[in-house]
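Here are my notes on the model, as numbered points. Please read them with the structure open.

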Amino acid sequence: MDSDSTNRSEENGDAPRHTLIGKCVMKTLTHPLDYARFLAQIGHEPMAPYRHRSIFGEERLFLPNLIVYAKYIYSVDGFKGMYIGLGPKILGICIEHYSSSLMSDYIQIDKSQNVDKDSDLEVWKDCAIKTSKEMICTATSIILSHPFHIVSMRMMAQFVGYEHRYTLVLQSVLLINHEEGVKGLFAGVIPRLFAGLGTVILVNIAKQVFSRYLFDPSPMTLNIAEFAASFLATAATYSFNVVTACTAINNCGLAAGMPPDMPVFGNWLECMKYLYRTDQLNRGSSTWFRRVPLTNSKLLKML
């Protein structure tokens, strides 16, 4: 991709904020924490909860934070074990990056028409066009990279039952395809699409509202608005990530995805309804203060 096309993509907001190398390095550094978060998302809590009194004097049950959880993984599997699942994750990130960039270059937006900045209708119409393009790029990258994310999640889920079914990327892809068919390679892709596309929509709408109605459109305030919008959108769509994690490993032969650790779900909607009923749709969302749902009898028995 030449520098002109790169600049055009950045102006449209479609190019990744960081370079591919930067994203891979960041994911490598944060993988132990992501590993712990994933295990929390699928409901594996090997450490007992503790009682803690809030600033309002109310006593609540909390789980050890994700830093402590990552240390627990290290104590069980060592340093190398903390990076299980990183390989297919990096491959997935590379596919996401290149597929999104190629799709962004393929879809061209007509810039010959000037947008009237004083007209709300014109501004929101322009926002809708750019958001639609970004949604197409995001959906393409998610679908093409999903099999590698499936492999990564199942490699990490083996921690629960100390299994070794999924060891290498190609071996894992062939095994999943042999046992479950193509459907297995795309388990959980729908809630992941909802999370990704929902984030794109919410970020663009919130960013437009912040920059147009709440802040002066200076570069600094736009960056702040984008950060705030991204944070809010990620929080709003987080539950779909939990459903994706659970659906990806459900009924695949691993202990983490089978009873008694996890019920067998017919589809991702059943999974979401179950997590909603048991107040576990946001498990793993907090790094530090992880509240124990009162409906989780398994954790309450550990007291």
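1. How many disulfides does a search of the whole structure find? The search finds zero, a disulfide being a pair of cysteine sulfur atoms within 2.5 Å. Cysteine 127 is buried because its relative accessibility is 9%, and cysteine 137 is buried at 2%. Buried here means under 20% relative accessible area, exposed over 50%, and partly exposed in between (1.4 Å probe, protein chains only).

2. On the source: this is a predicted model, in which local features need pLDDT of at least 70 and side-chain atom pairs count only at pLDDT 80 or more, while totals for chains, interfaces and linings use all residues. Residues are numbered from 1 along each chain as its sequence is written, and side-chain values use heavy atoms, with hydrogens and water left out.

3. The sheet is open and has three strands in the order β1-β2-β3, with antiparallel pairing. β1 and β3 each have a single partner strand, so one side of each is left without a neighbour in the sheet. Strands (E, at least two residues) and helices (H or I, at least four) are DSSP runs numbered from the N terminus, and two strands pair if DSSP finds at least two bridges between them.

4. β1 (residues 50-53) and β2 (residues 59-63) are joined by four bridges, with arginine 53 opposite glutamate 59. Between β2 and β3 (residues 290-291) there are two bridges, and phenylalanine 62 stands opposite arginine 291.

5. Helices α5 (residues 120-161) and α10 (residues 238-249) have axes that come within 9 Å and cross at roughly 75 degrees. The two are therefore roughly perpendicular, a term for angles of 65 to 115 degrees. Axes are lines fitted to C-alpha atoms over the stretch in contact, and angles run from 0 to 180 degrees between N-to-C directions. The contact (heavy atoms within 4.5 Å) involves His146, Ile150, Met153, Arg154 and Ala157 of α5, and Thr244, Ala245, Ala248 and Ile249 of α10.

6. Some backbone values deserve a look. Most residues other than glycine have a negative phi, and most peptide bonds are trans. Tyrosine 162, in the loop between α5 and α6 (169-180), has a positive phi of about 55 degrees and is exposed, with a relative accessible area of 52%. Asparagine 251 has a positive phi near 55 degrees and is partly exposed at 43%. The loop between α10 and α11 holds asparagine 251. Proline 260 lies in the loop between α10 and α11 (268-277), and the peptide bond from proline 259 to proline 260 is cis, with omega near 5 degrees.

Methods
Parallel < 35°, antiparallel > 145°, perpendicular 65-115°, else oblique.
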